[in-house]
Amino acid sequence: MISIVIPCFNEEKSLEPLVEKIRDVMSRITESYEIIIVDDGSTDRSTERIKNLSLRYTSVKGLRLKRNFGQTAALACGFHYAKGEIIVTMDADLQNDPEDIPILLEKINQGYDVVSGWRINRKDNFLTRILPSKIANYLIGKITGIKLHDYGCSLKAYRSEVIKNMELYGELHRFIPALAKIQGAEITEVPVQHHPRIHGKSKYTLSRTFRVLLDLILVKFLLSYSTRPIHFFGAAGLLFSSIGFLICLYLGSMKILYAYSIGGRPLLLLGILLITTGIQLLTIGILSEIQIRTYFESQKKPIYAVKEFINIKETNHSGKVFNKASVSVKD
């Protein structure tokens with residue numbers, strides 16, 4: 001089973017030709033597929049279009065959100081209800097080409113867990129779309145260590161066990177490959193086609209660039225310090241406290257040895273501020289450690305992810321055996 005998840009917001013004119021193209025492509029690959037269109041609070045006739053398509057084709061399914069929650073929420077909703085072992089995502093605006101789906105699936109069959117599309121020849125405005133995207137892709141690659149040419153491409157394929165174990169909030173959908181790396185996922189990238197928008201208008205603005213930068217800080221923290229926050233806050237706390245202590249030690253020595261007046265010096269205030277800030281960061285680190293442990297232990301959530309079982313039955317942490325075949329080896 002292959003699930004194709006499509007978030008949709010005011011794309012009434014694009015839905016029918018998109019579904020027809022997907023059906024044509026999937027009929028050449030497999031009969032076992034579903035198309036899940038998530039209506040993210042559209043104000044046009046998108047919902048009506050989805051209902052009509054679902055009546056015509058049993059493979060088409062729809063989910064209508066109560067309001068516009070954003071692309072990340074729409075994708076998370078689609079992932080939750082998807083039944084496929086492989087989940088493909090794409091935009092509803094016809095800029096992604098369904099003809100590229102077989103290329104993504106071929107890479108999945110080669111053993112990759114996440115396959116991301118790379119729009120080599122983007123048909124968007126350079127200043128408002130392409131240039132900010134290039135800057136964002138560079139920063140994301142540098143900070144996360146996962147270098148993809150096109151994080152913003154919605155055309156991607158995932159193994160369901162990877163994406164269904166991922167909690168998505170805010171606008172983290174563009175960082176899914178980086179978040180998947182936390183689970184040890186194998187990630188690759190393939191060139192895909194990109195077409196000019198025919199109907200409707202783009203939902204992306206330059207303001208999203210700044211939100212990407214904020215989300216990037218969060219993703220970096222999740223990648224490097226999600227299970228050991230004391231290392232992040234503690235390191236900063238020790239650094240600030242040490243600098244503050246040295247400043248106060250210097251001023252104290254000047255006071256004792258040379259009887260300098262230090263009460264009104266701004267440097268003294270800076271030293272005290274750094275020490276106080278350092279103590280606060282250390283305290284935040286300790287509290288974060290306690291919260292992280294509560295989170296993992298209350299949900300019995302493991303801090304690891306097993307890729308392959310060799311001569312061992314695969315079980316969850318409550319002891320229930322899954323029906324997934326394990327790999328056995330001879331002595």
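1. Arg45 and Glu48 form a salt bridge, their closest N and O atoms lying 2.9 Å apart; the term stands for a side-chain nitrogen of Lys or Arg within 4 Å of a carboxyl oxygen of Asp or Glu. Arg45 is partly exposed at 41% relative accessible area, and Glu48 is partly exposed at 37%. Here buried means under 20% relative accessible area, exposed over 50%, and partly exposed in between (1.4 Å probe, protein chains only). Elsewhere, salt bridges with shared partners join Glu16, Glu20 and Arg56 into one network.

2. A word on the source. This is a predicted model, in which local features need pLDDT of at least 70 and side-chain atom pairs count only at pLDDT 80 or more, while totals for chains, interfaces and linings use all residues. Residues are numbered from 1 along each chain as its sequence is written, and side-chain values use heavy atoms, with hydrogens and water left out.

3. The protein chain has ten helices and seven strands. Helices (H or I, at least four residues) and strands (E, at least two) are DSSP runs, numbered from the N terminus. Of the 331 residues, 41% count as buried. The accessible surface of the chain is about 18900 Å², and carbon and sulfur atoms make up 59% of that surface; the areas come from the Shrake-Rupley method with a 1.4 Å probe, and for residues only the protein chains shown count as cover. Among contacts (heavy atoms within 4.5 Å) with a separation of 6 or more, 76% are between residues 24 or more positions apart.

4. A search of the whole structure finds eight salt bridges. One of them pairs Arg28 with Glu99, with 2.9 Å between the closest N and O atoms. Arg28 sits in the loop between α1 and β2, and Glu99 in the loop between β4 and α4, so this pair ties together parts that are 71 residues apart in sequence. Arg28 is exposed at 53% relative accessibility, whereas Glu99 is partly exposed at 36%.

5. Glu34 and Lys61 also meet in a salt bridge, at 2.7 Å from N to O. The two residues belong to distant parts of the chain, with Glu34 in strand β2 and Lys61 in strand β3, 27 residues apart. Glu34 is buried at 2% relative accessibility, while Lys61 is partly exposed at 31%.

6. Gly62 is also in β3, which spans residues 60-64, and counts as partly exposed at 42% relative accessibility. Its C-alpha atom is 5.9 Å from that of Val38, 24 residues away along the chain. Beyond neighbours within four places in sequence, Gly62 contacts Ile37 and Ile50.

7. Helix α2 (residues 46-56) has Ser46, Thr47, Ile50 and Leu53 buried. They span an arc of only 125° around the axis, which puts them on the same side of α2; the arc is taken over the directions from the helix axis to the C-beta atoms. The cover over these buried residues includes β1 (2-8), α1 (12-27), β2 (33-39) and β3. On the face turned away from the buried side are the exposed residues Lys51 and Leu55.

8. In helix α4 (residues 101-109), the buried residues include Ile101, Leu104, Leu105 and Ile108. Their arc is only 95° around the axis, which places them on the same side of α4. An α-helix has 3.6 residues a turn, so residues three or four places apart point the same way. The cover of the buried residues of α4 includes β1, α1, β4 (86-89), β5, β6 (156-159) and β7. After α4 comes Gly111, with a positive phi near 115°.

9. Strand β4 has Ile86 and Val88 pointing one way and Ile87 and Thr89 the other, and all are buried. Two strands pair if DSSP finds at least two bridges between them. β4 pairs with β1 in the parallel sense over four bridges, and Ile87 is the bridge partner of Ser3. With β6, β4 has four bridges and runs antiparallel; Thr89 is opposite Lys156 there.

10. Strands β5 (residues 114-119) and β7 run parallel and are joined by six bridges, with Val114 opposite Ile187. Five of the six residues of β7 (residues 187-192) are buried, so the strand is largely enclosed by the rest of the structure.

11. Ser241 lies in helix α9 (residues 229-258) and is buried at 15% relative accessibility. Leaving aside neighbours within four places in sequence, Ser241 is in contact with Leu274, Ile275, Gly278 and Ile279.
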